[in-house]
Structure formats: structure tokens, C-alpha cells
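Here is a short report on one protein model. Look at the structure first, then read on.

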Amino acid sequence: MKRIRPSFALSLASAAIAVAIAGAHAAGAGETSSLEAFGRLPTLENVVISPDGTKIAFVRTRSDSRNLVVAPLSKPEILGGARVGDTKLRQVEWIDDDNILATISSTGRPPIGFSGATREWYQLVNLNVKKMKLNPLTFDISPKNTFNVVIGDTAVREVSGNSMLFAPGLCVEETTVPCQFSFTYPERRARLLDESMEPDTD
């Protein structure tokens, strides 16, 4: 994937500020802000630039609702986005110029049929920028039984001219075992690369 020159940093900051200002005006011109508003969490988070340097993606938070938003760097407008909801959004990264990967999490017990303590479960969702459609990335690989969760850091590499996402997940045997998966873009086709012989201990 192409690296972005450091000079884009200023453009990125300017665009993010411009979009934030535009959003504030859209919410209602002339409204005054209370003092407590300055102590709230940032409404603009996880700002990342596209590989070709033409767009930014960021998370806009309003109350407990989170939206993944895409905007051009060249002018203060919004191309579109998708509502993530009230789940925790942990990370946002570009896979290529048309796809954005977001890591979300929620707290709960293991699925029915499994025992274990309440824990944080991490999942992956993909936003297609052209269609502005948000879809989960599933680890379904028949006939292998898997959990639709990610258990570590993801990595993006370029393979034969296409972006490929590598993600660690869980396979289900008598217990759960760590597995390594890949997703080929743009199809987002899942493939099992490796399976551990040792059970997952988390």
C-alpha cells in the first residue's frame, strides 16, 4: 500500500476541523454551548487517511451513538457513512481506497453451549465506501466451526496487487483454539491459514 507524505498531516487536520465545524452548523446555527459541553468526550475520534490521500474516515459520537463517517480532503463536506450504534468502537483503518475496517466490541458471556467468564468480545465490520454499506466480516469457513470474533491485532498486506487482511480468531473443536485467517479483497473471502494445537486460555 502507498504511504502518505508527511505534508498531508496539515491537510488532514484542516479537513477534520472543517468537517466538525460543518457538522456543528448543521446541528443548529446560533445555538449556545453550556460549560459542561467542554468537559465531554471528543465528538471526533479515530481520524484516519485513505491510502491514496484523498479521503478521511472518522468516528462521530453523539450521546451514546457512534457513526463512521467518510469525507474528502479537498473540501469540507461528507461523502457518507454508517451508524455503528452503541457498541464500543476500538479501531478504524483503511484496507484500500474503497474499504474501511472497524473493530467493535461488546461485553458478554460465551455463546450458548460454552462455559466461561464474562469478557470483552471483539468483532470486525467493513464499510464499503462506494456503496456506503456496513457489513460484518464473518469467519465462516465450512465445514470448520469458528467463532465470529477476533482475538488480536489485524494486519493488512498487498498480495498480487490486492489488499489482504490477516486476522487471528478462534476455531471450535472440543474447546476453542486460536486460528489465523485471511480475507481477500475486494471479495472479502475468508480463508483458514493455520490452526493451533493448544487451546485458547483467555
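## The four-stranded sheet

Four strands build an open sheet, in the order β5-β6-β7-β8, and their pairing is antiparallel. Strands here are DSSP runs of E with at least two residues, numbered from the N terminus. Two strands pair if DSSP finds at least two bridges between them. The edge strands are β5 (88-96) and β8 (133-136), and each of them pairs on one side only. From one strand to the next, the twist averages 30°.

Strands of a sheet pair through backbone hydrogen bonds, either parallel or antiparallel. Strand β6 (residues 99-108) pairs with strand β7 (residues 119-128) in the antiparallel sense, over 10 bridges. Thr-103 has its bridge partner in β7: Leu-124.

## How the model is read

This is a predicted model: local features need pLDDT of at least 70, side-chain atom pairs count only at pLDDT 80 or more, and totals for chains, interfaces and linings use all residues. Residues are numbered from 1 along each chain as its sequence is written, and side-chain values use heavy atoms, with hydrogens and water left out.

Lys-133 lies in strand β8. Its relative accessible area is 48%, so Lys-133 is partly exposed. That class sits between buried (under 20% relative accessible area) and exposed (over 50%), using a 1.4 Å probe and protein chains only.

Which residues does Lys-133 touch, not counting those up to four places away in sequence? They are Asn-126, Leu-127 and Asn-128. Contact means heavy atoms within 4.5 Å. Lys-133 and Asn-99 are 34 residues apart in sequence, and their C-alpha atoms are 9.8 Å apart in space.

## Two cis peptide bonds

Ser-142 and Pro-143 are joined by a cis peptide bond, with omega about 5°. Pro-143 is in the loop between β8 and β9 (146-147).

Tyr-185 to Pro-186 is also a cis peptide bond; here omega is near 10°. Pro-186 sits in the loop between β12 (176-184) and β13 (189-195).

## Positive phi values

The loop between β12 and β13 also holds Arg-188. Phi of Arg-188 is near 60°, a positive value in a residue other than glycine. Arg-188 is partly exposed, because its relative accessible area is 26%.

Asn-46 is in strand β1 (residues 44-49). Asn-46 is not glycine, yet its phi is positive, near 50°. Its relative accessibility is 29%, so Asn-46 counts as partly exposed.

How values were computed:
Axes fitted to C-alpha atoms, helices over the stretch in contact; angles between N-to-C directions.
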